[in-house]
Amino acid sequence: MPTENTLSIIKPDATKRNLTGLINAKFEKAGLKIIAQKRLHLSKEMAEKFYEVHKERPFYNDLVDFMISGPVIVQVLRGENAVKLNRDVMGATNPVEADTGTIRKEFAESIEANSVHGSDSLENANLEISFFFAGIELSI
Ligand code: ADP
Ligand code: MG
């Protein structure tokens, strides 16, 4: 299986409730290595740009406001099939539909405040990683 990097964001609902460590433990238990990580407070411009693909969706403005409502942790996770593996560990977008043991099932507050973002393809992972990290930060 190929080793991949994927972008994860621990969202403001989770940083507010001090869940960073518990969420990171889920990644590590699943075999994902946290190879880069930093805490940021996104500007409106950054959040709008990051979620540009959802611009036409009815929840876009609320999503941007939510993502700038507190600090986030942006991180690069590495492992075999990391993109898909991370999506499995995260669980479904709507916590009501998420499987038992997933991050969203255990921690999400709502379909919007759902604790984590994860890239949905290898192509998007590479784009999203370069949005937040310089090459030198990933040189391990
Ligand atoms: P995912 O994060 O599982 O890849 P999407 O890419 O479809 O889900 O949506 C991006 C984010 O937008 C979600 O994680 C969630 O925070 C928010 N979102 C998605 N659907 C809704 C919705 N119906 N109402 C409110 N917020 C939503
Ligand atoms: Mg998505």
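This is a predicted model: local features need pLDDT of at least 70, side-chain atom pairs count only at pLDDT 80 or more; totals for chains, interfaces and linings use all residues.
Me: What volume does the largest pocket have?
Reply: Rolling a probe the size of a water molecule over the atoms shows where empty space is left. For the largest pocket, the volume found is about 720 Å³.

Me: Which element supplies the largest share of the lining of the largest pocket?
Reply: At least two lining residues come from each of α3 (44–50), α5 (82–90), β4 (116–118) and α7 (122–132). The largest share, four residues, belongs to α7.

Me: How many residues of the shell around ligand 1 are charged?
Reply: The residues around ligand 1 include Lys11, Arg57, Phe59 and Asn114. By class, the shell holds three nonpolar and three polar residues, and the number of charged residues is five.

Me: What is the distance from an oxygen atom of ligand 1 to an N or O atom in the side chain of Thr93?
Reply: A polar contact requires a pair of N or O atoms within 3.5 Å. The side chain of His54 has such an atom 3.0 Å from an oxygen atom of ligand 1, and a polar side-chain atom of Arg104 also lies 3.0 Å from a ligand oxygen. For Thr93, the distance is 2.5 Å.

Me: How much of the area that ligand 1 exposes when taken alone does the protein bury?
Reply: Taken alone, ligand 1 exposes 530 Å². Of that area, the protein buries 80%.

Notes: Residues are numbered from 1 along each chain as its sequence is written. Chains are lettered from A and ligands numbered from 1 in the order in which they are written. Side-chain values use heavy atoms; hydrogens and water are left out. A residue is near a molecule or strand if one of its heavy atoms lies within 4 Å of it. A polar contact is a pair of N or O atoms within 3.5 Å; within protein, one must be able to donate a hydrogen and the other to accept it, and residues adjacent in sequence count only if both atoms are side-chain atoms. Accessible areas come from the Shrake-Rupley method with a 1.4 Å probe; for residues, only the protein chains shown count as cover. Ala, Val, Leu, Ile, Met, Phe, Trp, Tyr, Cys and Pro count as nonpolar, Asp, Glu, Lys and Arg as charged, and the others, Gly among them, as polar. On a 1 Å grid over the protein atoms alone, a cavity is a set of points where a 1.4 Å probe fits but cannot get out, and a pocket is an open set with protein on both sides within 12 Å along at least five of seven lines; lining residues have an atom within 4 Å of a point. Grid points are joined across faces, edges and corners, and a volume is the space filled by probe spheres set on the points.
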